[in-house]
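Colleague: Could you walk me through this one? I would like to start with the sheet and then turn to the charged pairs.

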Amino acid sequence: MENYIHKVQYYETDKMGITHHSNYVRWMEEARIDYLEKIGFGYRKMEEDGIISPVVGIECEYKSPTTFGDEIEIAVTVEEFKGIRLVLGYTMIRVSDRKTVLEGKSKHCFVNESGKPIALKKSFPELDGRLKELAGCMP
């Protein structure tokens, strides 16, 4: 599966000409939406099926700054999935020199439209199976 590519925009940089740290979280979301779409469970489909997956935690470790015009390749992986909680990992690499610029994680849960936690294994076994497969949890 191809990784997501983000090109740093001028408005994403600060007075010093480097990308403001808050933008990396947005890029994680862009890459996550792209990743879930590619595995067949985009946000639109999940929401149509009554699944909402809020972010419950974010971790970022900034490794190297980025600047306007840099192309950033973002790899997304399923690091952990135990039926209700999902942890996605992100590695961002500047395309021009293959230097890692960020390593991060986002943590999610699954709830219904009323905000009640749902177990995907029971309610949405196809998504449950795919996430377990990607997390390496399949027997």
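**Sheet and salt bridges**

Modeller: Gladly! Strand E3 (residues 71–81) pairs with strand E4 (residues 85–94) in the antiparallel sense over 9 bridges. Strands here are DSSP runs of at least two residues (E), helices are runs of at least four (H or I), and both are numbered from the N terminus; two strands pair if DSSP finds at least two bridges between them. This is a predicted model, where local features need pLDDT of at least 70, side-chain atom pairs count only at pLDDT 80 or more, and totals for chains, interfaces and linings use all residues. Residues are numbered from 1 along each chain as its sequence is written, and side-chain values use heavy atoms, with hydrogens and water left out.

Colleague: Thanks! Which residue in E4 stands opposite Val 78?

Modeller: E4 is the antiparallel partner of E3 over 9 bridges. In E4, the residue opposite Val 78 is Leu 88.

Colleague: And which strands stand at the edges of the sheet?

Modeller: The open sheet has 5 strands with antiparallel pairing, in the order E1-E3-E4-E5-E2. Each edge strand has a single partner strand, so one side of it is left without a neighbour in the sheet; these are E1 (4–7) and E2.

Colleague: Are Arg 94 and Asp 70 buried or exposed?

Modeller: Their salt bridge has its closest N and O atoms 3.8 Å apart. Arg 94 lies in strand E4 and Asp 70 in the loop between E2 and E3, so the pair ties together parts 24 residues apart in sequence. Buried means under 20% relative accessible area, exposed over 50%, and partly exposed in between (1.4 Å probe, protein chains only). By that rule, both Arg 94 and Asp 70 are buried.

Colleague: Last one: why does Glu 103 count as partly exposed?

Modeller: Glu 103 counts as partly exposed because its relative accessibility is 37%.

Note on methods
A salt bridge is a side-chain nitrogen of Lys or Arg within 4 Å of a carboxyl oxygen of Asp or Glu.
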